[in-house]
Structure formats: structure tokens, C-alpha cells
Amino acid sequence: MKVLQSSVFRAICAIIVGVLLIKYPTNTMTGITVCIGILFLIPGIFSLITYWSAKKNERPEQVIDTEGNVISGGKPMFPIVGLGSVLLGLCLALMPATFVSILMYVLGAILVLGSANQILALINIKKIGRVPWGFYIVPSLILLTGLFVLLYPIESASLPLIIIGYCCLIFGITECIN
């Protein structure tokens with residue numbers, strides 16, 4: 001247990017994770033997506049099993065309060081959230097690249113539409129009074145980012161992992177030095 005708490009062990013793990021994130025960002029992103037899919041799949045399966053078990057052992061007698069509301073017994077409700085969790089988990093686990101690509105297109109479109117809205121709002125404000133050019137910088141950068149995400153969805157999804165990889169690598173090296 002002392003080995004796991006060692007700063008040298010943490011530093012070596014950080015360096016290994018950093019190198020893997022830098023060298024294989026797309027594979028890492030796919031692996032993380034599959035893991036998230038499995039994490040959605042497991043509770044969904046448990047909720048469906050619980051529903052089928054409760055339905056199989058269903059008792060016709062019901063406990064009713066003074067206002068006529070059913071407190072217990074009766075027919076169990078179908079777990080819609082559990083079914084949704086299973087479907088999302090299957091999509092994430094079986095088609096991670098497709099899911100990430102679709103998600104990147106949606107996020108890119110949101111960025112483009114949001115920046116266009118900001119630019120149009122600035123143009124409308126310009127009719128009332130003077131708007132300094134500096135106010136157009138951030139919406140323009142957001143527009144360029146949205147276009148980059150739409151044109152290169154996988155690269156833009158793996159870019160944050162590369163940055164995290166470099167941060168892990170730097171952390172591991174400084175931890176070893178310390």
C-alpha cells in the first residue's frame with residue numbers, strides 16, 4: 001500500500017498516462033467513451049432486471065391510504081430511464097467513434113449559431129450607438145472554433161486529451177524532480 005502512496009509511483013503513472021494521451025489521443029477518447037457506455041449500461045440493466053423481477057412477483061393486493069392513493073402493491077411502473085440508460089450505454093459502447101463524431105457536429109453547430117447570434121446582436125446594437133471593434137473578437141473566435149469543430153470533428157475532440165497528456169507529463173516530471 002505504501003508503494004501506491006509514493007510520490008515516485010504517482011509521478012511514473014502520470015508520465016505513462018501523459019505519454020499515452022499524447023501518442024494515442026483518438027484511441028484514448030474511444031476507450032473513455034466505451035467506459036462511459038458501460039457505466040450507463042450496468043445500472044440500466046439492473047433497473048430492467050428489478051422491474052421484471054417485481055413484475056414476476058406482482059401481488060394483486062394493494063395498500064391504499066385514506067385518500068385512495070396506492071401506497072404499495074399493484075403493478076410496477078416500467079423503468080423508462082433504465083431503458084434509456086441501456087440504449088445510450090449500448091450506443092456509447094458499441095459505436096464510440098460515431099457517437100463522438102455526432103456529438104462534435106452538434107457542439108460545432110451550437111458554437112456557430114451562438115457566435116452568429118452574438119455578432120447579429122452587436123450589429124443591431126451598432127444601429128443605436130457606437131460598438132468598439134474589440135467586442136467582435138470573442139464572437140469571431142467562437143465562430144472560428146465552431147467551424148474548426150465542424151470541419152475536423154475527431155481532431156477537435158482529441159485536442160483536449162493531448163493538452164491533458166502534456167499536463168500529466170509535466171506533472172510527472174516535476175513530481176520526480178521534487
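## A charged pair between helices

Is E175 buried or exposed? E175 is buried, at a relative accessible area of 18% (buried is under 20%, exposed over 50%, partly exposed in between, using a 1.4 Å probe and protein chains only). A caveat before going on: this is a predicted model, where local features need pLDDT of at least 70 and side-chain atom pairs pLDDT 80 or more, while totals for chains, interfaces and linings use all residues. Residues are numbered from 1 along each chain as its sequence is written, and side-chain values use heavy atoms, with hydrogens and water left out.

The partner of E175 is R10: their side chains form a salt bridge at 3.3 Å, N to O (a side-chain nitrogen of Lys or Arg within 4 Å of a carboxyl oxygen of Asp or Glu). Searching the whole structure turns up 1 salt bridge. The pair ties together distant parts of the chain, with E175 in helix α6 (residues 153–177) and R10 in helix α1 (residues 7–23), 165 residues apart. Helices here are DSSP runs of H or I, at least four residues, numbered from the N terminus. R10 is partly exposed, with a relative accessible area of 39%.

## The largest pocket

The largest pocket has a volume of about 210 Å³. A pocket is an open set of points on a 1 Å grid over the protein atoms alone, where a 1.4 Å probe fits, with protein on both sides within 12 Å along at least five of seven lines; lining residues have an atom within 4 Å of a point. The volume is the space filled by probe spheres set on the points, which are joined across faces, edges and corners.

Of its 13 lining residues, M29, I32, T33, V100 and L103 lie nearest the centre. Helices α2 (25–56), α4 (96–128) and α6 each give two or more residues to the lining, and α4 gives the most, with 5. By type, the lining splits into 12 nonpolar, 1 polar and no charged.

## The nonpolar core

The largest nonpolar core has 7 residues: L21, M29, V100, M104, V149, A157 and L161. Such a core is a set of buried Ala, Val, Leu, Ile, Met, Phe, Trp, Tyr and Cys residues joined through side-chain atoms within 4.5 Å. Both α4 and α6 supply at least two of its residues.

Beyond its neighbours within four places in sequence, M29 is in contact (heavy atoms within 4.5 Å) with V100, I154, A157, S158 and L161.

## A buried serine

S85 sits in helix α3 (residues 80–94) and is buried, with a relative accessible area of 13%. Leaving aside neighbours within four places in sequence, S85 is in contact with F40, L41 and G44.

Methods
Nonpolar A, V, L, I, M, F, W, Y, C, P; charged D, E, K, R; others polar.
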